[in-house]
Amino acid sequence: MTEYDALVVGAGVAGSATALELLSAGWRVGILHQHDKVSAIESLSPSAARSLQRLSIQTGSALTEIIAWWGSEREARAIQSDARIVLRSALADAVRGRAIERGAVVIEGRKLPCIERYREGWLVTCEAERGSTHRLTVKYLIDGTGRASAIGRRLGARRMCVDELFCISMSVHEPGLLGTWTESSSEGWWNLCCMPEEGTLSFYSTAGRIRKAKRYIAAGLYDTRHLQHLLPAPTLGNSRVRACGSSRLIPCAGPGWVSVGDAAAALQPLASAGVSKALRDALMVRDALEHGPAAYDRFQASEFQSYVRQLIQHYALEKRWSKSPFWTARLLPTPS
């Protein structure tokens, strides 16, 4: 059996950044990685970009402003010095690569591992890509499996959702644009995030509306008042539907384990804070593991409540469709 101080399950930004932090403290760290071929273009806040620079990671392109049509037909521009626009998979690869350089061992897995208590830690059994089996003993587990919260839920935590939001996204081939644009509509909101070679067009709404939009997303684009002029003749790729509402894991940490990033609490893409949160969570994990998970769990709960209040305020700025079920529901998120 192989021994590690910590095993990070999930090799995205949150999991890989956590591995980096633990490696810097001299820990032996393994990363269980399942390949995800789906990616998208997204923006990074200036704080996230600066945090990545401190890790000697810089990817994507500089982004100087964000443009939106929200609450008004008037264009709003927000200056974003030091922000960047990136391919999410390339960002995750870069952070994971830095962790590997500093000594992390990546274990390619086909399925989520079997976990059981073992002495003062955990016994983890996982099936490798070529059918072999890895047996690991680890002192701590880090759940970096995103919204699935696969490790935390397996250990008895539950996922609480406070709103419903779904997204249909399509890749845009060679848009010739650099930037991010958001436009609200009567049944949801649109986002276009582009680098000249590649972009992502997304529509956010309820599950029912997204099901209807799946076949007609291109037609829906031409019902927008502003985005359609940015993409007069787009070449769109395959569509992908995903859930992207607000939710958190309760609790998000326990004896010998902790969740990070979306696994601990997932924010709507409207907040543009997922990467920032992932990097911040990574800084807190060692303390949570060594000195108890209660403070970490309380912090995540408090931050999530603050985020929900700010989200309601942001949606409340849009008053043009006061009778729309989508928009009225945005103002009253309730736990389910």
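Mentor: A strand here is a DSSP run of E with at least two residues, and a helix is a run of H or I with at least four, both numbered from the N terminus. The model is predicted, with local features needing pLDDT of at least 70 and side-chain atom pairs counting only at pLDDT 80 or more, while totals for chains, interfaces and linings use all residues. Residues are numbered from 1 along each chain as its sequence is written, and side-chain values use heavy atoms, leaving out hydrogens and water.

Trainee: OK, where is C114?

Mentor: C114 is in strand β7, residues 114–118.

Trainee: Is C114 buried or exposed?

Mentor: Exposed, because its relative accessibility is 53%. Exposed means over 50% relative accessible area, buried means under 20%, and partly exposed is in between, using a 1.4 Å probe and protein chains only.

Trainee: What is C114 in contact with?

Mentor: Leaving aside neighbours within four places in sequence, C114 is in contact with L123, V124, T125 and R154. Contact means heavy atoms within 4.5 Å.

Trainee: Switching topic. How many aromatic pairs are there?

Mentor: The whole structure has 11. Rings of Phe, Tyr and Trp (its six-membered ring) pair if their centres lie within 6.5 Å; planes under 30 degrees apart are stacked, over 60 edge-to-face, and the rest tilted. One of the pairs is W70 with Y315, tilted, at 5.8 Å centre to centre and 55° between the planes.

Trainee: Which parts does the pair of W70 and Y315 tie together?

Mentor: W70 lies in the loop between β4 (61–69) and β5 (76–87) and Y315 in helix α9 (residues 294–316), so the pair ties together parts 245 residues apart in sequence. W70 counts as buried, at 14% relative accessibility, and Y315 is buried too, at 1%.

Trainee: And why is the pair of Y315 and F326 edge-to-face?

Mentor: Because their planes are at 75°, with the ring centres 6.4 Å apart. F326 is in helix α10 (residues 325–330), so this pair joins parts 11 residues apart in sequence.

Trainee: Which residues do ring pairs link into a cluster?

Mentor: W70, W189, Y204, Y315, W321, F326 and W327.

Trainee: What sits over the ring of F326?

Mentor: The charged end of R330, 4.3 Å from the ring centre. Likewise, the charged end of R117 sits over the ring of W122, 3.8 Å from its centre. That needs NZ of Lys or CZ of Arg within 6 Å of the ring centre and within 35 degrees of the ring normal.

Trainee: Last one: what does V258 touch?

Mentor: Not counting residues up to four places away in sequence, V258 touches L141, I142, D143, C252, A253, V285, A288, L289 and Y296.
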